[in-house]
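Hello,

I am passing a structure on to you, and I hope you enjoy looking through it. Please open it first; my notes follow below.

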Amino acid sequence: MSSFARAAHALHGADLSRRVGRVSDLIGLIIEATGVQVEIGEVCMVGDGRDPSGRDSVPTEVVGFRGGRTLLMPLGELHGIGPGTSVHPTGAPFRVAVGEPLLGRVIDGLGNPLDGVDPPSGVSWRSTTAAPPDPMTRPRIEDRVGLGVRALDTLVPCGRGQRLGIFAGSGVGKSSLMGMIARSTSAQVNVIALVGERGREVREFIERDLGDALSHSVVVVATSDQPALVRIRAAFTATAIAEHFRDQGRDVMLMMDSVTRFAMAQREVGLAIGEPPATRGYTPSVFALLPRLLERAGTSDRGSITGLYTVLVDGDDMNEPIADAVRSILDGHVVLTRSLAHSGHYPAIDVLQSVSRLIGEIVTPEVREAGTRLRSALAAYRDKEDLISIGAYQPGTDPVLDAAIGLRPRMEAFLKQRVDEPSSPEEADAHLLALADELVRRMPVTGEVIDGPPAAGAGGVPGRQVPAGGVPTGPPAIPALQLTA
């Protein structure tokens, strides 16, 4: 394109009738302005321009209209704004820098560098708002992406382009799990969004949990003290950066911690502009915005974005509104429980509550069958755990439970994993298949005679048969009490 053609194109897109408005009111986080012609999502600069460098101007975003006035929310501090302050529309939505120079960098929710290095050069600019890929052009998910965690790669596998939620309360190891995945994943690029995190944890996560994986990662940070709109923008900024790499044909791992704080930030915005509160105070715009964010990940005809979204469940309630809404949108969920974390079981993944909706598409039938056997053994043990702990269970009553008790140490060793312990999907599959074979070997086949140990005070119980239904006949799991008059 010639210089004349570029100038003509720029002139054609220019707003030659832009009007400057004025601040009329400021209540809480909402700036009310008059005299501007803008659209929802457009960025406006609020300031009188007394500083030649423009540092006294505060970027804001149009979030609504009320009574003939424009409602703006700041993307920075509100210092220096008062009645009559000028409002300058930019005529464009918020844009962020994207490209290869961002790899290895740490930026804030607005795309500004946080790592003390100059802004990257050679980047292109992209709007943070975009439509999800056309559902009819999305390739089917058929390949498994390695996450480097045995319990996930085998029992809750993640496909390339799948969206998986990590549901947990506070302090049960979400950040450590994300660091394990970022270091070990087979994806080509990591984009990590820390939304509403404590400022103390940011450097700790980057240096301790992320480590050398920073070289092929982009970290977007919006701490809890940032304005609500900045926390919302951080989620969309990370998604836009991931979309850029996907459009280049890359396989991208997008990790966001957490969607709950993103929803809380949108709740602040909704309540500030007068939306009615709904379930637990969340406004309707929260539930409208969640699919607009989460549906942008996934496969396209060029590349893929595998999304891992953490959900900070309120009071460890897995059915609270945000957890329930996110679970209905995503393609699977991983549940971390406080009881496992307190017992020293890390990662604290409860595989019985965790589900991948694509497990039948991305793993072999042998691995899937082995996972089903392991889940059955774990479920049998959990169902009778109280009886086992008090010594009331009679061995030989339930063959599946007997096998689970005998292999309990091996199952625990398989599900536990140190944060610095590497694991590949192939190694995890081999581990699981060997464990499942041992479970099968210890379980009696249909019709086999089981000679259990004698019950207390009642003599032996010889020749108990396992009927075709697989449930043995004979004494119950709790032996009868021997009472004398």
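Predicted model: local features only at pLDDT ≥ 70, side-chain atom pairs only at ≥ 80, totals over all residues.

Tyr282 has a ring partner. The ring centres of Tyr282 and Phe287 lie 6.4 Å apart with the planes at 75°, so this pair is edge-to-face. Phe287 has a relative accessible area of 30%, which makes this residue partly exposed.

How many aromatic pairs does the structure hold? There are two. Besides the one above, Phe236 and Phe262 pair edge-to-face, at 5.8 Å from centre to centre and with 70° between the planes. Phe236 sits in helix 5 (residues 228-247) and Phe262 in helix 6 (residues 259-272), so their pairing ties together parts that are 26 residues apart in sequence. Phe236 and Phe262 are both buried.

As background, most peptide bonds are trans, and most residues other than glycine have a negative phi. Asp257 and Ser258, however, are joined by a cis peptide bond with omega at about 5°. You will find Ser258 in the loop between strand 13 (251-257) and helix 6. The loop between helix 6 and helix 7 (284-294) holds Arg280, whose phi is positive, near 50°. With a relative accessibility of 44%, Arg280 counts as partly exposed.

Where is the other cis bond I would like you to look at? It runs from Tyr346 to Pro347, with omega near -5°. Pro347 belongs to the loop between helix 9 (338-342) and strand 17 (355-356).

Two arginines are worth a look as well. Arg408 lies over the face of Tyr381, 4.1 Å from the ring centre, while Arg327 lies over the face of Phe167 at 5.7 Å from the ring centre.

Finally, the wider view. The chain has 485 residues, and 49% of them are buried. Its secondary structure consists of 15 helices and 19 strands. Among contacts with a separation of 6 or more, 70% are between residues 24 or more positions apart. The accessible surface of the chain is about 22,400 Å², and carbon and sulfur atoms account for 53% of that area.

If you are wondering where to begin, I would go to helix 6, which carries Phe262, and then follow the loop to Arg280.

Best wishes

Notes
Residues numbered from 1 in each chain as written. Heavy atoms only, no water. Helix = DSSP H or I, 4+ residues; strand = E, 2+ residues; numbered from the N terminus. Buried < 20%, exposed > 50% of the residue type's maximum accessible area, 1.4 Å probe, protein only. Contact = heavy atoms within 4.5 Å. Areas by Shrake-Rupley, 256 points an atom, 1.4 Å probe, with all protein chains shown as cover. Phe/Tyr/Trp six-rings, centres within 6.5 Å; stacked < 30°, edge-to-face > 60°. Lys NZ or Arg CZ within 6 Å of the ring centre and 35° of its normal.
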